[in-house]
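Colleague: I have a model open and want to learn how to read it. Where do we start?

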Amino acid sequence: MIQINALSAFTDNYIWLLQDDSTRRCAVVDPGDAAPVRHWLDAHPQWILTDILVTHHHHDHTGGVVALKQHTGAIVSGPAGEHIPSLDRRLEDNARLQVLGLDLRAVLVPGHTAGHIAFIHESPTQPLVFSGDTLFAGGCGRLFEGTAAQMHTSLGRLSTLPDETLVYCAHEYTLSNLRFAHAVEPGNTVLAQRLAQVAEQRARNEITLPSTLAIEKATNPFLRAGETSVKQIMERRAGTPLESEAAVFAAIRAWKDVF
């Protein structure tokens with residue numbers, strides 16, 4: 001069984017640390033800063049970093065890659081369509097790789113960046129996704145290089161995963177995302193309960209991740225563009241009919257950008 005823990009970086013980034021107790025080998029996802037990983041490795045000298053996984057090219061996800069590779073010799077895997085420093089394995093859509101015995105699949109999910117990928121582990125006992133800045137708890141990433149239609153399609157790919165899939169995203173944005181979600185769906189009682197719970201967690205400075213896909217489907221407005229209630233709310237706000245889920249999604253994303 002692989003253990004997964006978060007190493008905090010910058011103000012709200014998480015570097016995910018995967019540990020295989022049976023081999024004392026570990027991997028990290030999106031190390032934007034080498035220091036937290038180096039500190040952990042120095043405190044646990046019996047562990048060996050074998051793999052660095054990267055979801056996209058933004059510096060807060062790649063800034064520590066070169067230093068960590070030089071220090072450990074770890075294999076760097078990331079999207080084929082983006083410039084990732086010290087990249088060893090260029091992953092196309094649906095490429096598979098083994099990391100610490102986990103069978104991972106790289107899925108292309110453009111929108112936040114043009115070549116963004118997510119790492120999926122499809123398992124009956126421990127399904128999970130490292131979603132980077134595509135799917136957040138309660139939200140989704142900004143559209144820096146892609147379109148709303150692309151992001152809607154990308155989230156649609158992730159939403160087909162099993163409901164019990166654990167969602168490991170890269171930022172602690174949950175509280176602000178849920179405050180916006182509540183503005184979109186003030187009558188969603190499941191969302192209201194989640195917002196209250198997350199507010200209490202953040203007041204205690206607790207991490208709110210991982211989420212699950214089931215929770216996201218019930219409370220994340222960016223996965224709920226097909227809900228009639230959400231469509232009606234967004235049409236009232238837009239003052240015009242929204243003819244497709246993609247159009248509803250685009251309206252939600254535009255509102256979030258100025259919220």
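**Reading the annotated site and the core**

Modeller: Start with D133, which touches H56, H61, H112, H116, G141, A170 and H171, leaving out residues up to four places away in sequence. Contact means heavy atoms within 4.5 Å. This is a predicted model: local features need pLDDT of at least 70, side-chain atom pairs count only at pLDDT 80 or more, and totals for chains, interfaces and linings use all residues. Residues are numbered from 1 along each chain as its sequence is written, and side-chain values use heavy atoms, with hydrogens and water left out.

Colleague: Is D133 buried or exposed?

Modeller: Buried means under 20% relative accessible area, exposed over 50%, partly exposed in between (1.4 Å probe, protein chains only). D133 has 4% relative accessibility, so it counts as buried. D60, at 22%, counts as partly exposed.

Colleague: Which residues does the UniProt annotation "binding site" cover?

Modeller: The unreviewed entry lists D60, H61, D133 and H171. Such annotations may be inferred rather than shown by experiment. These residues span 112 residues in sequence, yet no two of their C-alpha atoms are more than 10.7 Å apart, so they gather at one spot.

Colleague: And how do I read a nonpolar core?

Modeller: In soluble globular proteins, nonpolar side chains tend to be buried together. A core here is a set of buried Ala, Val, Leu, Ile, Met, Phe, Trp, Tyr and Cys residues joined through side-chain atoms within 4.5 Å. The largest has 26 residues; L158, M234 and F249 touch the most other members.
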